[in-house]
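Have the sequence and the 3D view ready.

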Amino acid sequence: MENSRVSHLGHLKWCCLMGGAALIGLASGTALGAVVATGLAFGVGWLAAGGRLLRGSASATVTEPVSVPAAETAPCSSPGSSRFTLPADFPLWSQHFGGQFDTTRASVTRVNVLVQSGVGEIGSSFGAIHRLIQGQQDSLRSVLDNLSEGGAADVSLHTLNQEIARTAQALNGFARLVIEVSKLNMDVYFQVEDMAAELAGIGKFVDGVEWVAKRTTLLALNASIEAANVGAAGRGFQVVANEIRCLAQRSRQISVDIRTSTAAVQSLVQQTQQAARQSASQDLSALLGSKSQLDSVCRQMGVLDARIIARMDEVAEISSAIEARTGATVRSLQFEDISRQMLDHVDADLRALSLTLTRLGEQVDAAGDTPLLQLSEQILAEERSTNPHLPSQSELTAGSIELF
Amino acid sequence: MAKENQIVSRIVSLAVECVRIEPPAEFGFAWGLEFRRQCQSGSADCAYVLDLRHTRVLDTAALGMLRQLVERAASDPQRLQIIHVSPELCELLEIAGLKPFFRAAER
């Protein structure tokens with residue numbers, strides 16, 4: 001009776017230990033820890049309490065503490081030291097704790113399902129986020145390519161800048177062409193000016209010729225007068241004087257013609273000079289303004305280009321960082337598989353303990369002289385052999401995941 | 001600045017004969033004959049100092065005349081010195097492609 005009381009007290013103590021372990025597990029923040037700690041405490045408690053239970057035979061419930069002799073309460077630590085007999089109410093006791101095991105296993109299963117479902121949902125969400133970020137990165141990359149190289153659209157800030165630079169170069173070339181034409185026009189102007197000077201020289205020569213013609217006419221007139229004074233003897237001389245006068249008149253007519261032609265040439269020279277002036281003398285301020293505007297646009301485009309590319313680079317870096325973090329999170333979620341297998345292992349352990357309890361009741365009579373603790377360890381080992389390996393990974397760090 | 005110009009003129013004049021050309025405020029076609037006269041006043045291998053202290057406007061005729069001056073000086077920058085040139089005119093000379101032919105001392 002005393003032994004029975006002691007065993008029930010031991011049972012209560014181990015139940016308290018089990019509860020404490022569960023609380024420790026919960027305090028550690030994980031349902032898995034609570035379940036594992038509960039299961040282990042339960043198993044250990046069963047083994048330790050079971051050793052005492054086998055000593056008694058009563059099934060009464062003890063509600064008050066009873067003094068126990070030291071020899072009776074000593075733990076059964078040495079297998080084979082004594083032969084134990086099961087108490088009469090062992091089947092009820094076994095059924096009761098078997099039910100507790102089943103309840104715990106159901107809790108483990110629920111936790112497993114909840115963790116699996118939650119992590120699956122999170123993993124799915126992160127996977128979607130990962131795909132969205134990749135799409136965003138592709139879009140950004142496409143935008144960057146278009147900005148820097150033009151891509152398929154063949155339009156980019158870079159090409160626009162090149163076009164503007166080419167336009168500025170063309171404008172420079174046009175300005176130099178205009179100046180070259182002006183230089184040629186100035187050459188023409190100076191040459192025409194020289195020609196005008198030469199024409200002025202011709203005019204002076206014509207003046208000389210006219211003077212000679214006038215003097216010759218006067219001379220012919222005087223000769224005619226002298227010939228008339230001589231009479232018939234001077235008739236021949238009269239003819240010569242008339243011819244000289246005709247030549248002088250002809251010479252004067254030629255001078256007039258030359259002067260007329262020279263005047264016409266001078267008029268043409270003046271027109272040429274005017275044309276050269278109009279052609280050579282152009283205001284370049286409009287061209288200079290256009291060139292300045294182009295230069296300004298070029299500079300602004302360059303600044304804009306640099307700013308956009310810098311911002312795009314920043315966005316791309318942020319996207320890459322988000323992608324890396326998302327990838328790390330998704331990798332971390334893969335450890336859910338380890339946790340689930342650990343829960344499966346706990347479930348299997350609990351099942352093994354439950355089966356051990358049942359088989360212990362069935363096989364204890366047939367065991368002969370085999371010590372009860374040894375028998376229970378033997379049955380437990382047999383049950384555990386179906387689930388020999390528990391994953392050892394305990395940290396959610398990046399790297400290889402232990403497969404089992 | 002005037003002292004500097006004197007120094008420049010003196011340095012140039014030490015080497016060869018130097019012709020100083022000082023165009024008016026509006027350097028253009030109308031000043032063409034005078035420009036040619038001043039240019040032709042020197043020998044064939046003389047140096048030129050173009051003083052733009054008064055000049056505010058250069059039209060294409062003036063640039064054409066400067067182009068002639070460059071040819072006359074055989075495109076030798078050692079024979080062509082430009083002084084008192086404003087930034088605007090300097091830019092105009094740059095656009096005209098004449099700046100490389102002149103040793104410039106900006107205003």
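## A nonpolar patch on chain A

Which helices of chain A each supply at least two residues of the nonpolar patch? They are helix H5 (157–230) and helix H6 (235–280). Helices here are DSSP runs of H or I with at least four residues, numbered from the N terminus. The patch on the surface is formed by Ile202(A), Phe205(A), Ile254(A) and Ile258(A), which together have about 360 Å² of accessible area. Such a patch joins nonpolar side chains (Val, Leu, Ile, Met, Phe, Trp, Tyr) within 5 Å, taken from residues with over 30% relative accessible area and no salt bridge. Accessible areas come from the Shrake-Rupley method with a 1.4 Å probe, and for residues only the protein chains shown count as cover.

One member, Ile202(A), lies in helix H5 of chain A. Ile202(A) counts as partly exposed because its relative accessibility is 35%; buried means under 20%, exposed over 50%, and partly exposed in between (1.4 Å probe, protein chains only).

## How the model is read

This is a predicted model, in which local features need pLDDT of at least 70 and side-chain atom pairs count only at pLDDT 80 or more, while totals for chains, interfaces and linings use all residues. Residues are numbered from 1 along each chain as its sequence is written, chains are lettered from A and ligands numbered from 1 in the order in which they are written, and side-chain values use heavy atoms, leaving out hydrogens and water.

## Where chain B meets chain A

Chain B brings 20 residues to the contact and chain A brings 24 residues, where contact means heavy atoms within 4.5 Å. About 2,100 Å² is buried between the two chains, with carbon and sulfur atoms giving 64% of that area. Buried area is the accessible area (1.4 Å probe) that two parts lose on being put together, summed over both. On the chain B side, Phe29(B), Thr60(B) and Ile95(B) lose the most area to chain A, together 36% of what that side buries.

The rule finds 3 salt bridges across this interface, each a side-chain nitrogen of Lys or Arg within 4 Å of a carboxyl oxygen of Asp or Glu. Glu71(B) and Lys183(A) meet in a salt bridge through their side chains (2.7 Å, N to O). Helix H2 (32–39), helix H3 (60–72) and helix H4 (87–96) of chain B each give two or more residues to the side that touches chain A, and H3(B) gives the most, with 8 residues.

## A buried alanine

Back in helix H5 of chain A we find Ala220(A). Ala220(A) counts as buried because its relative accessibility is 1%. Not counting residues up to four places away in sequence, Ala220(A) touches Ala241(A), Ile244(A) and Arg245(A).

Note on methods. Patch = residues over 30% accessible without salt bridge, like charges linked within 9 Å, V, L, I, M, F, W, Y side chains within 5 Å.
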